[in-house]
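Subject: Structure handover

Hi,

Here is the structure for you to look over.

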Amino acid sequence: MRRPEEALMTDASARPTPAKFAAWLCLGLFVLGIDQATKIWFEQNFSLGEVLPVCTGFNLVLAHNTGAAFSFLADAGGWQHGLFVTLAFVVIILMVRYLWHYNHRTLFALALTLVAAGAAGNLID
């Protein structure tokens with residue numbers, strides 16, 4: 001039995017290919033590199049807590065977050081580190097697996113690539 005998305009495919013360009021998968025992986029590595037480079041730049045050029053106003057209501061501030069979003073679980077005693085590392089690995093594996101199967105769906109593949117790159121950046125941090 002064919003999957004619904006297969007029924008919509010009419011030509012070879014609408015199929016997942018190893019070349020498309022490799023291109024998405026390269027984009028993900030590029031995004032990860034930009035992520036890491038900007039973090040290094042801010043670490044070298046800002047003091048902790050330094051504020052750079054960008055526009056009304058939006059500032060750049062160097063802060064260190066030892067937890068998750070908005071320091072969630074930052075004071076949990078250390079067990080959360082293993083949880084976040086495991087979660088990042090699971091997300092990366094799932095995103096890459098889905099990317100292998102759906103690399104022909106441009107917007108979906110872009111979203112998968114960006115989520116995987118973000119999870120990898122968090123894992124490095």
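Below is what I found, from the overall layout down to single residues.

This is a predicted model, in which local features need pLDDT of at least 70, side-chain atom pairs count only at pLDDT 80 or more, and totals for chains, interfaces and linings use all residues. Residues are numbered from 1 along each chain as its sequence is written, and side-chain values use heavy atoms, with hydrogens and water left out.

Overall layout. The protein has four helices and two strands. Their order from the N terminus is α-α-β-β-α-α. Helices (H or I, at least four residues) and strands (E, at least two) are DSSP runs, numbered from the N terminus. Of the 125 residues, 21% are buried, meaning under 20% relative accessible area, with exposed over 50% and partly exposed in between (1.4 Å probe, protein chains only). The accessible surface is about 9000 Å² (Shrake-Rupley, 1.4 Å probe). Carbon and sulfur atoms hold 69% of that surface. Take the contacts (heavy atoms within 4.5 Å) between residues at least 6 apart in sequence: 52% join residues at least 24 apart.

Core. The largest nonpolar core has seven residues: Phe21, Trp24, Met95, Leu99, Ala109, Leu112 and Ala116. Such a core is a set of buried Ala, Val, Leu, Ile, Met, Phe, Trp, Tyr and Cys residues joined through side-chain atoms within 4.5 Å. Helix 2, helix 3 and helix 4 each give at least two residues to this core. Helix 4 has the largest share, three residues. Leaving aside residues up to four places away in sequence, Met95 touches Leu112, Val115 and Ala116.

A pocket here is an open set of points on a 1 Å grid where a 1.4 Å probe fits, with protein on both sides within 12 Å along at least five of seven lines; lining residues have an atom within 4 Å of a point. Of its 14 lining residues, Leu25, Gly28, Val96, Ala116 and Ala117 are the closest to the centre. Helix 2 (18–45), helix 3 (79–102) and helix 4 (106–124) each supply at least two lining residues. The lining has twelve nonpolar, two polar and no charged residues.

Loop. Ala14 sits between helix 1 (4–8) and helix 2. Ala14 counts as partly exposed because its relative accessibility is 23%.

Best wishes

Notes. Nonpolar A, V, L, I, M, F, W, Y, C, P; charged D, E, K, R; others polar.
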